[in-house]
Every structure is written in C-alpha cells, then in structure tokens.
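Please keep the sequence and the model in view.

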Amino acid sequence: MLIACPACDATYQVPDHLVAAGRQMRCAKCGHDWHFVPEVAPSAERRPEPVEPAPVAAPPLERPVVSTPPTDAAKPGKLVLALAWVASVLAVAGGVAALFLLRVPLAEAWPPLERLYGWVGL
Ligand SMILES: [Zn+2]
C-alpha cells in the first residue's frame, strides 16, 4: 500500500498487513505523526491485485518509520506481574509466620493479641 505523508507528501510503500487496521505513523522525512486509516474496506483489499510491471526508472521509496505498538512490553509485563504475585504471597506468608513465631513477645507487648491466638488455638 502506498502511503503519503499528509504534511510533506513523502510516499512510503508499506505492506498491507501492517496498516490494514489503521496505524500510528511517523514520517521519516519531516517527523510528522498521524494516524493512518486505510480508505478501502479490508474485505475489498483481499482481491488479488493485478500484477503490474515494475517501473524501471522509479526513484527508491523511503523506508517508513512505523511506531511499534505496545505489544513488545507484554512479556516483561507478565514477568513483573508474576514477581509481584510471588512477592505478595511471600509477604503475607512472612507476616503469618512472624505472628506465629513471635507470639510470646507480641502477646506481652500487646495483651489483646492473646485473644487472637486463643481463637486460632495457640
Ligand atoms: Zn512528512
């Protein structure tokens, strides 16, 4: 698909599957940002395009700078989430273990805590 920068009219040849659903674009020539939306419905684009002979003296097209969607951050995000879960479970388990292991000094420091230990059978 041929895409033209709306600011400076620089043209870029972009594979259809990259822009079929619309995409945030940045012009490599002038730096203009815009959201590209294809004018043709996606169903109409599936027709086999007629094979055209490549122009001999056509100037080379500039490579487009396509901003990457945030899907690249999906894997690190899952890792961070898993680590956060492990840290949360460890924090809760550590708190429960501390309440159990330090029950004597805790009960001495705060006598109402003995009722809690009585409820759980300690
Ligand atoms: Zn431009």
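Val-37 sits in the loop that joins β4 (33-36) and α2 (42-45). Helices here are DSSP runs of H or I with at least four residues, strands are runs of E with at least two, and both are numbered from the N terminus. Val-37 is exposed, at 54% relative accessibility. Exposed means over 50% relative accessible area, buried under 20%, and partly exposed in between (1.4 Å probe, protein chains only). Val-37 and Val-19 are 18 residues apart along the chain, and their C-alpha atoms are separated by 7.5 Å.

The model is predicted: local features need pLDDT of at least 70, side-chain atom pairs count only at pLDDT 80 or more, and totals for chains, interfaces and linings use all residues. Residues are numbered from 1 along each chain as its sequence is written, and side-chain values use heavy atoms, with hydrogens and water left out.

**Overall layout**

The chain has five helices and five strands. From the N terminus, the order of elements is β-β-α-β-β-α-β-α-α-α. Of its 122 residues, 13% count as buried.

**Zinc site**

Which residues donate to the zinc ion? They are Cys-5, Cys-8, Cys-27 and Cys-30, each through SG, lying 2.3 Å from the metal. Donors are N, O and S atoms within 2.8 Å of the metal (3.2 Å for Na, K and Ca); water is not among the atoms, so sites may look incomplete. Along the chain the donors follow the spacing C-x2-C-x18-C-x2-C. The four donor atoms subtend angles of 108 to 113° around the zinc ion, so the arrangement is tetrahedral. For four donors, that term requires all angles to lie between 85 and 135 degrees.

| Residue | Relative accessibility | Class |
|---|---|---|
| Cys-5 | 0% | buried |
| Cys-27 | 2% | buried |
| Cys-30 | 41% | partly exposed |

How many disulfides does the model hold? The count is zero, where a disulfide is a pair of cysteine sulfur atoms within 2.5 Å.

Met-25 belongs to strand β3 (residues 23-26). Met-25 is buried, at 2% relative accessibility. Met-25 and Phe-36 are eleven residues apart in sequence, and their C-alpha atoms are 6.4 Å apart.

Asp-9 lies in the loop between β1 (2-4) and β2 (11-13). Asp-9 is not a glycine, yet its phi is positive, at about 65°. Most residues other than glycine have a negative phi. Asp-9 is exposed, at 59% relative accessibility.

An unreviewed UniProt entry lists residues 79-102 as "transmembrane region". UniProt positions are given in the numbering used here, feature names are shortened, and annotations may be inferred rather than shown by experiment. In the model, this span is 96% helix and 0% strand, and its end C-alpha atoms lie 34 Å apart.

Arg-103 lies over the face of Phe-100, 4.7 Å from the ring centre. A charge sits over a ring if NZ of Lys or CZ of Arg is within 6 Å of the ring centre and within 35 degrees of the ring normal.

Notes
Tetrahedral: all angles 85-135°; square planar, octahedral: opposite > 155°, others 65-115°.
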